[in-house]
Amino acid sequence: MIPNIYLPHEQQSRKAEKLWSQIDCVLLTRQAAFVIEAKRRRKRVVAPGQFNEIWSTSSGELIQAYTDGNMKGSFKDAGFDDESFALKQNSKHAVAFDDACPTYPFERIYEQVVYVGTDSFTADCHKFVDNVNVSWIGRGTAKFVDIIENECRKLDNIASQNDIDTLGESLVKTYGDLNQKRGQLHAERLRNLNRQ
């Protein structure tokens, strides 16, 4: 598992854009790579259907209405907050990882959004759908680990453990930020661009 990978982000214009795509964590296995985006929310999170959207609320009553099938209207109409940006963000990270790491074919790069510290988490699906999953770490459990392990069991190996170890060292050396200098440089560049 490799935390805090900073992949260069190509500038599209002169506007202040991110200079790096920061990936929270990448898990390399012999079968696949898992690009993990962690989100901390003190809310109740719902990942309905096939992971095309994520919603959150502070209301236990809204969650109860959803789980009972009594919710009126859309999530937005019912008063939920849209969290779907996390899916788009992690999708961009998976593409950036694919560009930087040709070891895995794109169909073996999985997108995992993990919520931490939520008041509750509700999902209609507990597996990967089109290489995407949304899950949680809650009260002594890490459900996303089981989901990743189950997916790996379905896949053939495409790399040896030695290949994975070498790749991990290379990624850390090239894109890692162990001493936080890239993070500091990134923040300083953004401040300078915003002043212009």
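Lys39 and Glu37 form a salt bridge, with 3.2 Å between their closest N and O atoms. Both residues of this pair, Lys39 and Glu37, are buried. The model is a predicted one. The salt bridge count comes to 6. Three of them are listed here, including the pair above.

| Salt bridge | N to O distance |
|---|---|
| Lys39 and Glu37 | 3.2 Å |
| Glu83 and Arg41 | 3.0 Å |
| Asp81 and Lys43 | 2.4 Å |

Take Glu83 and Arg41, whose side chains meet at 3.0 Å. Glu83 sits in the loop between strand E6 (81–82) and helix H3 (85–100), and Arg41 in the loop between strand E3 (33–40) and strand E4 (44–47), so this pair ties together parts 42 residues apart in sequence. Glu83 has 5% relative accessibility and therefore counts as buried.

Next come Asp81 and Lys43, with side chains meeting at 2.4 Å, N to O. Asp81 belongs to strand E6 and Lys43 to the loop between E3 and E4, so the pair ties together parts 38 residues apart in sequence. Is Asp81 buried or partly exposed? Its relative accessibility is 36%, so Asp81 counts as partly exposed.

Now helix H4. It runs over residues 143–154 and has 12 residues. From first C-alpha to last, H4 reaches 18 Å, close to the expected 16 Å. Which residues of H4 are buried? They are Phe144, Ile147, Ile148, Glu151 and Cys152. These residues cover an arc of only 135 degrees around the axis, so they lie on the same side of H4. An α-helix has 3.6 residues a turn, so residues three or four places apart point the same way.

Methods
Residues are numbered from 1 along each chain as its sequence is written. This is a predicted model: local features need pLDDT of at least 70, side-chain atom pairs count only at pLDDT 80 or more; totals for chains, interfaces and linings use all residues. Side-chain values use heavy atoms; hydrogens and water are left out. A salt bridge is a side-chain nitrogen of Lys or Arg within 4 Å of a carboxyl oxygen of Asp or Glu. Buried means under 20% relative accessible area, exposed over 50%, partly exposed in between (1.4 Å probe, protein chains only). Helices (H or I, at least four residues) and strands (E, at least two) are DSSP runs, numbered from the N terminus. The expected span of a helix is 1.5 Å times one less than its number of residues. The arc is that of the directions from the helix axis to the C-beta atoms.
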